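Please keep the sequence and the three-dimensional view at hand.

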Amino acid sequence: MEKIGFYAGSFDPFTNGHLQIVIKAAKCFDKVIVGIAYNSEKEVRIDKNEMKNAIEQTILELGLNNVEVTLYSGLTAIEAKKFNANILIRGLRNGTDYQYEENIAENNEQIFGLDTCYFRAGNLGYLSSSLVMDLRNNGVDITPYVPKHVADLLKK
Ligand code: ADP
């Protein structure tokens, strides 16, 4: 059976922390789908289609040819099943992430029969999308914290 992982997130924006999780997952799974969650009620900071393109360019340049990117709205587990994913992927930065993720993971297991695999953030655990936006909005260079194609988007 093919091992297909679905890595969901807002990725608003996609950071080097997210990228690190994708790289780790690509080594462990036959295929990884990066799902950019789009929720019409949640304010979007960066255009989702442009973010999708930036992530695609990044994975192409890194030669991660078992990774693809999709945009979706609605329930993550339902979207994951459309891709025949058998596991959900999430990144853990700290105990707060763990508490939050465990609740969602349990729901997905109980209701949809989909287990969750966590990858450690390690030394990139301090990075978050909101930190990157704060830095960028206050004139701090964000190129060390996001992939180049995402930095280009944030310069607009
Ligand atoms: P969400 O709104 O679904 O939490 P995010 O885009 O903030 O979306 O995060 C997506 C996933 O990536 C989550 O599992 C989150 O814990 C993880 N993540 C976020 N930042 C990092 C990081 N710096 N290192 C590792 N994982 C991260």
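Rings of Phe, Tyr and Trp (its six-membered ring) pair if their centres lie within 6.5 Å; planes under 30 degrees apart count as stacked, over 60 as edge-to-face and the rest as tilted. The model is predicted, so local features need pLDDT of at least 70 and side-chain atom pairs count only at pLDDT 80 or more, while totals for chains, interfaces and linings use all residues. Residues are numbered from 1 along each chain as its sequence is written, and side-chain values use heavy atoms, with hydrogens and water left out.

By the ring rule there are five aromatic pairs. One of them joins Phe6 and Phe83 in a tilted arrangement, 6.1 Å centre to centre with 45° between the planes. This pair links distant parts of the chain, 77 residues apart: Phe6 is in strand E1 and Phe83 in the loop between H3 and E4. Helices (H or I, at least four residues) and strands (E, at least two) are DSSP runs, numbered from the N terminus. Phe6, Tyr72 and Phe83 form one aromatic cluster.

Tyr7 and Phe11 make an edge-to-face pair, at 5.1 Å centre to centre and 65° between the planes. Both Tyr7 and Phe11 are buried, where buried means under 20% relative accessible area, exposed over 50% and partly exposed in between (1.4 Å probe, protein chains only).

Phe11 lies in the loop between E1 and H1 and, although not a glycine, has a positive phi of about 45°. In the loop between strand E1 (4-9) and helix H1 (16-28) lies Pro13, joined to Asp12 by a cis peptide bond with omega about 10°.
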